[in-house]
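Take a look at the protein shown here. We will walk through it one part at a time.

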Amino acid sequence: MMTDGINQSIIISGESGAGKTETAKIAMQYLAALGGGSGGIESEVLLTSCLLEAFGNAKTARNNNSSRFGKLIEIHFTAAGKICGAKIQTFLLEKSRVVQLAQGERSYHIFYQLCAGAPDDLRDRLRLKRASDYSYLNQSDCLTIHDVDDAQKFHMLMDAFNTTRICKDDQEHAFEMLAAVLWLGNISFLVIDNENHIEVVADEAVTNAAGLIGCGIQDLMLALSTHSIQAGKDKVAKNLTLQQAIDTRDSLAKFIYASLFDWLVEKINLSLAMGKQHTGRSISILDIYGFESFKKNSFEQFCINYANERLQQHFNRHLFKLEQEGYELDGIDWTKIDFEDNQDCLDLFEKRPLGLISLLDEESNFPKATNLTLTTKLKQHLKGNHRFKGERDGAFTVRHYAGEVLYDTGEFLEKNRDLLHSEIIQLLSSCTSQLSQLFASMLKQPQKPASSPIQAGMPACQKQSVATKFKDQLFKLMQQLESTTPHFIRCIKPNNKHIPGMFDKNLVLEQLRCCGVLEVVRIARSGYPTRMTHQEFTRRYGFLLPENHTCQDPLSTSVAILQQFDILPEMYQVGYTKLYFRTGQIGSLENVRKQVLQGTLEVQKCFRGHRARRYFHELKGGVVTLQSYVRGEIARKEYSILLGLKKQAACKKLDEQLMAVVQIQSVIRGWLVRRYFSSLQDSKESNVSKRRPGRRSSEIKDLPLEVLPSIVEELQKRILMTEAALGRKEKENAALREQVQQFESRWSEYETKMKSMEEMWQKQMSSLQMSLAAAKKSLGTDNTTGQPEIHHGAQSPSFYDSEEMSFGPHTPSGSTPTRILNNGTNTNGGLNSISTLANEFEQSKRNFDHEAQAIVEVKSADTVNSVEDIRSLKYKFEAWKKDFKVRLREAKAKAHRLGYGDAEKYRRKWWGKRTKRF
């Protein structure tokens, strides 16, 4: 199918019990394995066999699992060869087995499985009993099959229902219809008059059947006991006789079961069609009932054997007729092989108007026709046919391809009519059950006008007879099979005793002879089973010829190929359109072709490998280059990230170090401030403790009275000024401490420079202080030298020179006390010049302090400008220092010239204290 694109068919045939059903299941399993495995749609296709066997198979005298219907399973495949869906067609279900059984046989398996395996809740809803309690099942005295567990089979059936996605409600409805059929068989009738008219016995069978069907009890009893006849425009109700009532009951049971079977097949098809892709590719498996010949053969065996005749003709046509006709048309030297053609037997069944089926339909149209009238008509019209033979007591014999079969025409007419009264149709239409209404709707179709007495006297729903309908189905089946490539499987029955390991050679030989297998073997041995057109042969093997071959037409090329490889002439024949080979000859060509193709593939493999490797290396080089760029970019990005992280870590570490330095500086500066503040406190205390109460009392007493108040007032003013100065200094110290705390975080970067600057300033200040101290010492010496002259001369009351006179403030604004020299001359010239230098020194120191503080405040904002400012301040200080030293030396020389060198011993303490501040 996948190679040629042609649909295939597998036709399985053989006698009843030969294994056709099992062979069909094996074929389905094989196709399912090839087409997708064991899951999904494949498992659904396989499980359809379980459902169809339960509802369509039964135990017969020859087979424990005999198919009582024919089926064609059409499996569809996708373009990739996977199963995508399936469709099932059924043919001629044996409905009579529902109501009538031969001795030793069983009805359909589903009835026994339902009675044995139904759970308690389902059993209660269906009012089920044991199988032996139902008349339709116990009439054959066979309720079980050896080694078969019906309860287990029921559980398998439920799994199959669920796998094929038939819902729970549909399952419940199907079981209700099955139980209704069983209860219908238990309905009994009571004869009420001498004319054998009856009435229905109102027992549990009627109640349960009516409840399961979904109709009223009285409606069911009335439909089974009466029949309406159309008399003009009126309808007349007529009571049925006992046999008519039984036939009506049985026809209702058969119709319900047959409709249920068709409904189930439709549900299965809907399930298998889900997800189906219409590719047009399919493989059909035909499993139809086998040839049957019993002691009593009825209408069912008549139809079954007719179907086998039609399949045998299909087999003969493809394996005998078409085979030999193809040889003759293609000009092959061929000796024709005789075989038994069953076309005359088919003509006996199908010929019009004198065939078996046509005569049967004609006789079925007469209301008073019987089996004897049918047999008489058959003998009258068919007595000249060698395939037909009339018998006594309403029987006839047909010589089939598999042997003669004796048919009893006792129920031919009734089964062929298969009529259903209008009362039954109306009853089903009025039911509340969904399935009952569905079954009735199938029959509500426009009826043909009554063309025969039987149709006028007994209204029915059947448009065609059963035999004609079955013949039409067979014709459609043959047309479908003709559109496919057939594959035949003949099942051979080894023995009739159902014993494994036993081989009855006579029985097997008879089957091989009847089904034409021996003739097929003879044709296969003497014929040419392998054939190919010249075009196909040239296309497949033409490349084996040398390159210098010049043949152009396919026929010459084919002959050249055969001669090239020395194939013997008797092993093949050349036809007009095809080449014909005996068995095994094409294998040698296939071996050579395989070797050449293998060598070609090896060369192609090496070349493609080389090309692939070269392409791979080129691709690898490009990939490596691309990777190098990518990895470089990644490395650069990672380096940038690491660099940023390193900078962050360095900044963080630097911040931590700065914080540590600032912390240390804050501690040191705090200590320095506290020490400086302590020195100020000590200085204040020493000043207070060293103050002198005044001049000696003798001297004070000697002062004029007018001078004493002014001196006291002057002393008080100096005390107040000193206290005010101390207060200001304390406030300044407090402000300084706050500023120190605020500026602690800003001194880390220039600590070393500031320390060196401070050391340099301390040295310079010490040098200046030493110079000032030397000047004052010189001046003091001059003062003490001139003091006796002052006492000896005129004692001036305004002269005073003591340490108490140094209470002036230690600022440039402080004034120096005035000295009165002897002879009334003002001797403060030297002191005034020294005082002026001292004031200038104080002012310059304060200016330099302010500029240094300003530089410290702004240094965190602009580091470069701060360094330049410090350098500029340093140069400025150096220039001022040189100038100050020069002027200090000049002032000192001037003081010596004025004669105050002897006053050094009276040097005032405030000068030394003042210089200490520097």
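The paragraphs below go from the whole chain to its sheets, and then to a few single residues.

This is a predicted model, in which local features need pLDDT of at least 70, side-chain atom pairs count only at pLDDT 80 or more, and totals for chains, interfaces and linings use all residues. Residues are numbered from 1 along each chain as its sequence is written, and side-chain values use heavy atoms, with hydrogens and water left out.

Start with the whole protein. It has 30 helices and 17 strands. Helices (H or I, at least four residues) and strands (E, at least two) are DSSP runs, numbered from the N terminus. Of the 918 residues, 43% count as buried. Buried means under 20% relative accessible area, exposed over 50%, and partly exposed in between (1.4 Å probe, protein chains only). Now consider contacts between residues at least 6 apart in sequence: 73% of them join residues at least 24 apart. Contact means heavy atoms within 4.5 Å.

Next, find the open sheet of five strands. Its order is β5-β4-β10-β1-β14, and its pairing is mixed. Which strands stand at the edges? They are β5 (83-91) and β14, each with a single partner strand, so one side of each has no neighbour in the sheet. Two strands pair if DSSP finds at least two bridges between them. Neighbouring strands here are turned by 15° against each other on average, direction ignored. Axes are lines fitted to C-alpha atoms, for helices over the stretch in contact, and angles run from 0 to 180 degrees between N-to-C directions.

Look at the pairs inside this sheet. Strand β1 (residues 8-14) runs parallel to β10 (residues 281-287), and five bridges join them. Ile11 has Leu286 in β10 as its bridge partner. Two helices can be found against the sheet. Helix α11 (residues 299-329) packs on it, touching β1, β10 and β14, and makes about 120° with the direction of β14. Helix α19 (residues 466-482) also packs on the sheet. It touches β1, β4 (70-77), β5 and β10, and its direction makes about 150° with that of β5.

Stay with β4. Eight of its eight residues are buried, so the strand is largely enclosed by the rest of the structure. In a regular strand the side chains alternate between the two faces of the sheet. In β4, Gly70, Leu72, Glu74 and His76 point one way, while Lys71, Ile73, Ile75 and Phe77 point the other way. Eight bridges join β4 to β5, and the two run antiparallel. His76 has Gly85 as its bridge partner in β5. The hairpin of β4 and β5 has five residues between the strands, and Gly81 there takes a positive phi near 85°. On β10, seven bridges link up with β4, again antiparallel. Phe77 stands opposite Arg281 in β10.

Now follow the chain out of the sheet. Ala18 lies in the loop between β1 and α1 (20-34). It is buried, with a relative accessible area of 14%. Leaving aside neighbours within four places in sequence, Ala18 is in contact with Cys491, Ile492 and Lys493.

Lys493 is buried yet has no salt bridge. A salt bridge is a side-chain nitrogen of Lys or Arg within 4 Å of a carboxyl oxygen of Asp or Glu. Which side chain of opposite charge is nearest to Lys493? It is Glu15, 5.3 Å away. Lys and Arg count as positive and Asp and Glu as negative; His and the chain ends are not counted. A polar atom of the Lys493 side chain lies 3.3 Å from the backbone oxygen of Ser16.

Finally, turn to helix α23 (residues 554-564). Its buried residues are Thr557, Ser558, Ala560, Ile561 and Leu562. Their cover includes α22 (534-541), β16 (572-574), β17 (578-581) and α24 (585-689). Ser558 is buried, with a relative accessible area of 0%. Beyond its neighbours within four places in sequence, Ser558 is in contact with His534, Phe537, Thr538 and Leu579. Just after α23, Asp566 takes a positive phi of about 55°.

Notes. Polar contact = N/O pair within 3.5 Å; in protein donor to acceptor, adjacent residues only side chain to side chain.
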